[in-house]
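I opened a new notebook page for this structure.

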Amino acid sequence: MKDLFFKDGVIGDPMNRVDGRLKVTGGARYSAEYELPGLVHSALVGSTIAKGRITSIDTKAAERAPGVMAVITHVNSIKVPGFAASAHPSEPSTIGQPLRVFYDEKIYFNDQPVAIVVADTLERARYAAGLVKVQYAAEQHQTSFDANTSRAVLPTSAKRNPKSPLADYDRGQTNAFQTAPVKLEAEYVIPSEMHNPMELQAIVAHWEAADKLTVYDKVQAVKGTQKAFAKDWKIPEENVKVIATFVGGAFGNGLHNWPHETAAIIAAKMVGRPVKLMLTREQMFTMVGYRPHAWQRVGIGATPDGKLVGITHEATGQTSSYEEFTESTLQQTRMMYQSPNVTTRYRILPLDVSTPIWMRGPGEATGAFALESALDELSYLLNIDPIELRLRNYTDQDPEKNLPWSTKFLKECYQMGADRIGWNKRPAKPGTLRDGDWLVGYGMGVGTFGANRRPAKARARLLANGTVLLQSATTDIGPGTGTVMVQIAADALGLPPKAIVFELGNSTFPEAPSQGGSATVASVGSAVVAACAELKKKLLELGGPGFSGAKPEDVTINSRVQMRAYNSSLPLEIGLRTNASVKVSYSDVLQRNGGQEVEVVGEGRPGNERQKYSMYSFSVHFAEVKVHTMTGEVRVTKMVSCADAGTIVNHKTAGNQMIGGAVGGIGMALTEAAVIDHRFGRYVTKDFAEYHVPVQADAPAIEVAFVDKPDLLVDPMGTKGIGEIAIIGVAPAIANAVFNATGKRIRELPITPDKLI
Amino acid sequence: MNQFQYVRPTKQKAAIDAFGREADTQFIAGGTNLLDLMKRGVMNPTKLVDINRLPLDRIDRDKGTLLIGALALNSTVAEHPQVRQLHPLLGQALSAGASAQLRNMATVGGNMLQRTRCYYFYDTAMPCNKREPGSGCGALEGYNRMHAIFGFSDKCIAVHPSDMSVALVALDATVLVSGPKGDRRIPFGGLHRLPGDTPQRDTNLEPGELITAVSIPDNPFTKNVHYLKVRERASYAFALVSVAAALHIENNVIRDARLAMGGVAHKPWRLTEAEKSLIGKLATEATFRQAADVAMQGARAFKHNAYKLKMAPNSIIQALKQAAAVA
């Protein structure tokens, strides 16, 4: 049908973002930009110790400061009714719970919010926040990962469920790599990397009635946030409204509800006014999640001709004392290569720090750094090209689940990437290719992430003006969700994109999952397809006698669409693809529908195909780097990222996502490290001058190539996620290129000049 | 941020008078550093004297010197034809600093007065003798990756962060100052101090003294110069180590040389002995290595900055090679 109206189809078009103009002109409203009547401002006071308790808080000076309406601490805070009453938030459940802000005098991490000051202006709130004087009884904190490794434990979820993917895993013989003729064992470390999307964490909390809360909040899950706050405040879910129409980047940062959100909600309740709270950039480093510091050890062994004998991969990730944060660091090791023996061990290490959270390519990006570095090291021991080594251990079915892949076009990715980066220029012997004072090297790394899909709903309404309005409670944290949903609906309805409006970021819309885990297009796109099918079905029912016996998929919303032209001034008619003479005006349909615009809700959910197939997206990243022989500086001079991510709905937004992931990977590989001074349990690199995210000058030309073959087992559009695989495998590609350039293997990120000189 | 008084005089004398005797007054120009420090409570002036309306942004050549007004913007100076022609080393150093946006706001006077980027100085919850005399040096036993290898004391091991200052000290610039007691000239090397027992004092300026201009004498360093800044990201990062190198070469013999380092001390670190070791020698890598050896005499590292003991001499050699165009 799409061929009839759009010769080239809507799916795949590198269409501009539907909200691009709003974003670049300032018309898009982000959480902190809702200027509600009576809105007041606030600022947080953070603890200056990492562990202990507050012995006294002197708020008098702050309260007397001009414009101050309230200074709220654990002493005077209203109690959040849903907070568990145990002494430590992780007791009795050791899986824990989010920090209970202003609950009691206990301090669990440095810069923990201990007070919120509400005032009529932001400046006055911040000034008064500086006047709050807090006394502590400090206890000995443990923030050093290295000093506490013996305290690492198996996560509770794995203890409870031996089949958990976090549980100890043994395929074949344990530690069989030790028996291999060619083997290596190496340790890899990544530091904590801090979430720093462009938009700071911000919330406007507004109690519209004593039991009715609206929040404009920077979150990735409007429904999840609705549920969390309803539970906290013991009010019905429908009494909580969460708005996140625009989110200025999140990367996982918005997948958890953080203490500052509840602080603002408490404040709004106590002052009886809408309260705005936006974190400072420094606070983004201390209380809203991060990629956790992780230690890993990989043992890998192969036959002389490069057949893997065994891989043993151990990982320990940092978490807080009050929540068990876990991530699937070892997943790629279990399923990526044809090794008869695979051993994985995952542990977490609770420290007196704030809780980490998923950060783009969560776990897998950490794990891939170790695994893909170790394979590279093995390739030199074997004297086999790194791509060839991977091809010799290619898996035609998932060796972990013993299931066929739904689709896997990884070989195509290797080929496309090798051609584009110029892999033939890579010297087999490291440290032998020079360009003046610079050593040149090439490296590659593989990434994979589950092609996830979750149940989701979408509402479709055919407006009298001919626009199809779609709504779903998903969010768009930057990938262009709104844009691709318009494309999917346009394709499903045979309408031009401009006839579609897609709304999201509102908890009153039909249920959709959080935007996380690369699952939004597969989940919400499926719901959109279902809603469009429901809409056609409903129109068929309301079409009248001429439509009886016709199939829903033949229904057209057609009179305004004449071959590729769309004329909104023509009357809106419903017709049949199979019989041009059957037509009914939409005004007649409306009449038959009791004067109501036709509205349906469609639901998409994964079926049992997930028990029959293993579903993953795949990526291969290639890097060309130059390392200065005298100063140790590393510059990435070219990158190529190739992905098997099923159908590409929009080549422009998908390409943007891949490029963003590659730049994030450059930061992970070369510049980003959140350092704690363990004497104080406090971060020392906590602003953009000292914590280095890559700048434009660090990002070279990044070429993106997609296989673009549909995987119709995953979802009706044939898509597989992109968000995570865009970064998974980038850091090892760069680390491997640095080795190829210099012969120096850096196993602790980031690879800064001091490590190479 | 604390409340403060704010005045914006249009005359230099009025600005100096407005400073008065209050110890916690600050002049403000571009504000690229001071505002950050005020927002974080690191500096809490009760009065700001905004000098942006003073007529101090001119760049003039007169009697063998180039006079650059204190309010000339970093970006303006970096691109100025006479700077590029007469003192390309200064242009290179300025362009290596901060980001384009900051260079468009930051002034020459403010650049040389920017405070250290030591983590402990910036966090009011940690000790720092520079911020709070007597509280201790957080960096001495702490995370001292960015810190000094020369001229430090047990009270402070912070480094001066400016790139421009490294070029100016190499070029024998003079700072023109006006204050309550009149005008005076300070050789650039005497502007900044070593920390000693009073790390709270970055410079030898007296209270109320205003930098009005910097003067650079003509010199033969118009061709063989290089400012090398080593950092882990390609832009907008403070130097791990930087080197300002200027050579006057005739027939492959070094007739005169200037050499200074940044990121290694509490002040821009002029390397006069290394300069002497270069003069009269052939412009070869061997000569440069020898100069680097001389330059590094007395260097001492801490737990996290030992890499500078190798990066610094390497950078000197590299900068001299690039200045001399020696492959």
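Before reading any angle, I noted the classes: under 35 degrees counts as roughly parallel, over 145 as roughly antiparallel, 65 to 115 as roughly perpendicular, and the rest as oblique. I also noted that this is a predicted model.

Entry on the helix pair. I looked up helix α17 (residues 651-671) of chain A and helix α18 (residues 730-742) of chain A, which pack at an angle of about 55 degrees. Their axes are 8 Å apart. α17(A) and α18(A) are therefore oblique to each other. I recorded the crossing of α17(A) past α18(A) as right-handed.

I then listed the residues that meet. From α17(A) they are Gly661(A), Ala662(A), Gly665(A), Ile666(A), Met668(A), Ala669(A) and Leu670(A). From α18(A) they are Val730(A), Ala731(A) and Ile734(A). Sorted by class, this contact of α17(A) with α18(A) has eight nonpolar residues, two polar ones and no charged ones.

Entry on confidence. I found an average pLDDT of 95 for chain A, with 97% of the residues scoring at least 70. Over residues 1-8 of chain A, pLDDT stays under 50. For that stretch the model has 21 contacts beyond four places in sequence. Where pLDDT is low, the predicted coordinates should not be read in detail.

Entry on Thr286(A). I located Thr286(A) in the loop between α8 (281-284) and β14 (290-291) of chain A. Is Thr286(A) buried or exposed? Its relative accessibility is 6%, so Thr286(A) counts as buried. Leaving aside neighbours within four places in sequence, I found Thr286(A) in contact with Phe109(A), Asn110(A), Asp111(A), Ser354(A) and Tyr683(A).

Key:
Residues are numbered from 1 along each chain as its sequence is written. Chains are lettered from A and ligands numbered from 1 in the order in which they are written. This is a predicted model: local features need pLDDT of at least 70, side-chain atom pairs count only at pLDDT 80 or more; totals for chains, interfaces and linings use all residues. Side-chain values use heavy atoms; hydrogens and water are left out. Axes are lines fitted to C-alpha atoms, for helices over the stretch in contact, and angles run from 0 to 180 degrees between N-to-C directions. Helices (H or I, at least four residues) and strands (E, at least two) are DSSP runs, numbered from the N terminus. A crossing is left-handed if the near helix is turned anticlockwise from the far one by less than a right angle, and right-handed if clockwise. Contact means heavy atoms within 4.5 Å. Ala, Val, Leu, Ile, Met, Phe, Trp, Tyr, Cys and Pro count as nonpolar, Asp, Glu, Lys and Arg as charged, and the others, Gly among them, as polar. pLDDT is the predictor's confidence in each residue, from 0 to 100. Buried means under 20% relative accessible area, exposed over 50%, partly exposed in between (1.4 Å probe, protein chains only).
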